[in-house]
Amino acid sequence: MNSISKKKQFYPIATCLRNYLHEYDRETKLPVRYEDLIHYTDSFPYYDKKGHDTLWETIMFDQQEQAELSKGLTQIYALLKTDGDMSVMEHLYVSRVDYCTFGNSNPFRVQIMNQLNDNYDYFYVKRADASRIYGLELEYILSPNRINYLVDGDTLIEEHIAGIPGDLFIKEYLNRKGTNKVRIAKEFVKFNERCFVRLLGDMRSYNYVVDITPDFEDEQYRVRPIDFDQQSYEGRKSMYLPQFFKDNNVIVDLVLTLLKPDVIKQYQNEERTLIFRRLRTARYRLKDLIDCMRGDTISTPEKIVQLKQELAQHHNSDEFLKCEGMGDLVRLNLKTIMKKAKIR
């Protein structure tokens with residue numbers, strides 16, 4: 001089983017990636033940056049509705065700074081959601097800012113409230129890391145999900161991805177009456193395939209969410225990653241396959257129990273075909289991204305050597321042994337798998 005013992009190092013945004021972000025409207029000037037939030041004056045633990053410590057802390061600022069930050073954070077929300085239409089700000093305000101004390105990115109979570117109906121939404125302020133940005137872009141291009149984010153210098157703004165955290169879903173939703181376990185098993189197979197195709201690692205159960213959509217006769221499910229720190233970083237091939245994390249054993253057992261091998265293969269081929277169609281539609285954007293990735297450093301030499309050896313063995317192809325970096329491996333992995341997905 002997979003285990004991650006060391007914290008992943010941060011990689012700065014190189015010039016090529018910075019130009020890419022500017023070209024595709026991901027970079028903009030922000031009124032508040034990550035370093036503006038780290039000087040909070042007080043904090044207290046944030047508990048969930050059941051009274052459990054979430055390991056997040058709600059933070060406080062002095063009165064004058066609080067007012068300035070609230071205005072700036074509300075502007076950021078408008079930039080993220082309405083491309084800067086500030087007319088939406090009239091009824092919005094920052095109701096809470098939380099700080100995460102664990103994980104790689106130590107993010108801030110901002111709750112935005114509508115004072116007319118008490119409806120709320122979230123976004124995150126994080127330190128910009130090249131690995132994470134590559135992960136976000138590959139998610140946007142190759143997955144069925146669209147995701148909004150903005151970058152300014154070393155600050156990354158991400159929208160909230162709604163869904164039930166995977167660990168909570170397994171614990172409280174999987175065995176409830178009415179849950180369609182066959183559809184869950186099918187979606188996990190597809191999710192597993194998407195992660196491996198684009199080499200997104202560390203999909204432990206708390207790093208993805210399950211989005212449940214009621215249908216006219218049943219429910220539909222979609223598994224979405226929410227943590228992109230481990231995009232093309234680890235050396236072990238199994239780190240890019242969610243099926244090998246013990247947190248996911250319950251769902252893996254479900255897949256093996258409910259789906260026959262030929263059905264699993266069918267779902268894998270379906271997902272590869274869909275990825276191929278997305279790739280073909282956005283091929284120029286993907287090429288620009290991969291070109292930057294190939295010239296970038298987002299992992300260690302030891303991990304690159306290990307992964308290219310394991311992928312070479314997996315695909316039975318010595319071409320992987322010629323790869324020099326993680327960008328080369330992502331490109332060749334995509335190319336190799338997509339050859340099997342072309343519509344015949």
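How many bridges join β4 to strand β5, and which way do the two strands run? There are 6 bridges, and the strands run antiparallel. This report starts from the whole model and then returns to that pair.

## About the model

This is a predicted model: local features need pLDDT of at least 70, side-chain atom pairs count only at pLDDT 80 or more, and totals for chains, interfaces and linings use all residues. Residues are numbered from 1 along each chain as its sequence is written, and side-chain values use heavy atoms, with hydrogens and water left out.

## The whole protein

The protein has 11 helices and 10 strands. Helices (H or I, at least four residues) and strands (E, at least two) are DSSP runs, numbered from the N terminus. The radius of gyration is 21 Å, close to the 20 Å that the globule rule gives for 344 residues, so the protein is as compact as a globular protein of that length. That radius is taken over C-alpha atoms, and the rule is 2.2 Å times the number of residues to the power 0.38. Along the principal axes, the C-alpha atoms fill a box of roughly 60 × 50 × 40 Å.

Of the 344 residues, 52% count as buried. Buried means under 20% relative accessible area, exposed means over 50%, and partly exposed lies in between (1.4 Å probe, protein chains only). Among contacts with a separation of 6 or more, 70% come from residues 24 or more positions apart.

## Surface and charge

The accessible surface comes to about 17,300 Å². Carbon and sulfur atoms hold 48% of that surface. Such areas come from the Shrake-Rupley method with a 1.4 Å probe; for residues, only the protein chains shown count as cover.

There are 51 positive and 52 negative side chains. Lys and Arg count as positive, Asp and Glu as negative, while His and the chain ends are not counted. The centres of the two sets lie 8 Å apart. Each charge is placed at NZ of Lys, CZ of Arg, CG of Asp or CD of Glu.

Strands of a sheet pair through backbone hydrogen bonds, either parallel or antiparallel. Here two strands pair if DSSP finds at least two bridges between them. Phe 108, Val 110, Ile 112 and Asn 114 lie on one side. Arg 109, Gln 111 and Met 113 lie on the other.

Strand β3 (residues 92–100) joins β4 through 7 bridges, running antiparallel. Val 97 stands opposite Val 110 in β4. Strand β5 spans residues 120–127. In this pairing, Ile 112 stands opposite Asp 121 in β5. The β4 and β5 hairpin has 5 residues between the strands, and Asp 118 takes a positive phi near 60° there.

Strand β6 (residues 149–152) is covered on both faces. Tyr 149 and Val 151 are buried on one side, Leu 150 and Asp 152 on the other. Its antiparallel partner is β7 (residues 155–159), joined by 4 bridges. Asp 152 stands opposite Thr 155 in β7. The hairpin has 2 residues between its strands, and Gly 153 in the turn has a positive phi of about 60°.

## An open sheet

Three strands form an open sheet in the order β8-β9-β10, with antiparallel pairing. β8 (164–165) and β10 (219–225) stand at the edges with a single partner strand each, so one side of each is left without a neighbour in the sheet. Strand β9 (residues 208–214) pairs with β10 over 7 bridges. Pro 214 stands opposite Glu 219 in β10.

Asp 202 sits in the loop between α6 (181–198) and β9. Asp 202 is buried, at 7% relative accessible area. Its phi is positive, about 60°, although it is not a glycine. Asp 202 and Gln 230 are 28 residues apart in sequence, yet 6.1 Å apart in space, C-alpha to C-alpha.

Leu 55 belongs to strand β2 (residues 53–60). Leu 55 also is not a glycine, and has a positive phi of about 70°. Its relative accessible area is 47%, which is partly exposed. Arg 331 is in helix α11 (residues 326–339) and is partly exposed at 39%. Leaving out residues up to four places away in sequence, Arg 331 touches Ile 290 and Arg 294.

Note on methods. Contact = heavy atoms within 4.5 Å.
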